[in-house]
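Hi,

Here's the structure I said I'd pass along. Have a look at it first, then read on for my notes.

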Amino acid sequence: MSALLIENVVKKYGNLEAVAGVSLRVEAGERLALLGHNGAGKTTLMRMVLGLTPLSSGAINVLGDKPGSRNARDAIGFLPESVAFHGALTGREQLRHFARLKSVPAQAAEDLLERVGLSHAADRKIGTYSKGMRQRIGLAQALLGKPKLALLDEPTSGLDPISRHEFYDIVDDLAAGGTAVLLSSHALTDLETRTDRIAIMSKGLLVANDSLGALRHAARLPIRLDVTTSVDAADRVSAHLGGTRMNGQSVYLTCQPDEKLGKLQEIMALGSDISDVDVTPASLEELYRHYSGQQGDL
């Protein structure tokens, strides 16, 4: 049984179809990134999984139960995009309150404060916390009770690079323990190596759903090759390869994925004229733009 099964789900607001026939599944221990521009339908889909927004048609199954049922609520940990807590409470008080609501031992709150790096500020009022610290409290409450399905909407908002790395370490541990993770984020670079599968929504439609490698293969976007030449060889290498010279001893060129090995052989045949080669496949941001058709900012 999948941790989350979404089958041909539609959500309409009058004539507006916010979610248009989306089918998606997340297995236990899987990390799935859900991408899309603002208004693509990601948050609406998450709200339907939570049972907060009714479906117009289709079906959602959360570990064998309907969204909003007691069993489904008990199984889900949720971090919303915008977290809000009582500013007069301390971090410890707020998390212990959530622990009581989830019927979780108070010690779990203490352990999670340590886990998200807030033990040093646990007795400070949340009103004094930075945005990143409030986001850490939000993550801690989502992890209470060891959820079987974690829904994380823009979970790294407000986190610095080190904190984002630590957050994905926690996600890795969750998945290793069998938790299915569905997360939505605009920080695409972080997702390239820290998720198992990428799903992309655009205008309510699911336009892509596969591993990063499979999406790259299907998109056939160009690969960039950056060649560092020996001294005084840049012009000769550029002319031979048909590339563009940059910054003294650098030449760059592009090729299709199935041309990569042949082009590398051609480069290495130049022998001592070549000092180094860097190969850069299409980034997740480029793939996102390709599949979603969005040319503006995320």
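This is a predicted model: local features need pLDDT of at least 70, side-chain atom pairs count only at pLDDT 80 or more; totals for chains, interfaces and linings use all residues.

Let's start with helix 3 and helix 5. Helix 3 covers residues 91-101 and helix 5 covers residues 131-143; their axes sit 10 Å apart and the packing angle is about 25°. Angles under 35 degrees count as roughly parallel, so that is how helix 3 and helix 5 run relative to each other. The crossing of helix 3 past helix 5 is right-handed. On the helix 3 side, the contact uses Gly91, Gln94, Leu95 and Phe98, and helix 5 brings in Ile137, Ala140 and Gln141. Sorted by class, that contact of helix 3 with helix 5 holds four nonpolar and three polar residues, with no charged ones.

Now the other pair, helix 8 and helix 11. Here residues 212-219 (helix 8) and residues 284-292 (helix 11) have axes that come within 11 Å and cross at roughly 55°. That angle makes helix 8 oblique to helix 11. As for handedness, helix 8 goes past helix 11 in a left-handed crossing.

Which residues of helix 8 and helix 11 meet? From helix 8 you'll see Leu212, Leu215, Arg216, Ala218 and Ala219, and facing them from helix 11 are Leu284, Leu287, His290 and Tyr291. In class terms, the contact of helix 8 with helix 11 splits into seven nonpolar residues, one polar and one charged.

That's it from me for now.

Cheers

Technical notes:
Residues are numbered from 1 along each chain as its sequence is written. Side-chain values use heavy atoms; hydrogens and water are left out. Axes are lines fitted to C-alpha atoms, for helices over the stretch in contact, and angles run from 0 to 180 degrees between N-to-C directions. Helices (H or I, at least four residues) and strands (E, at least two) are DSSP runs, numbered from the N terminus. Angles under 35 degrees count as roughly parallel, over 145 as roughly antiparallel, 65 to 115 as roughly perpendicular and the rest as oblique. A crossing is left-handed if the near helix is turned anticlockwise from the far one by less than a right angle, and right-handed if clockwise. Contact means heavy atoms within 4.5 Å. Ala, Val, Leu, Ile, Met, Phe, Trp, Tyr, Cys and Pro count as nonpolar, Asp, Glu, Lys and Arg as charged, and the others, Gly among them, as polar.
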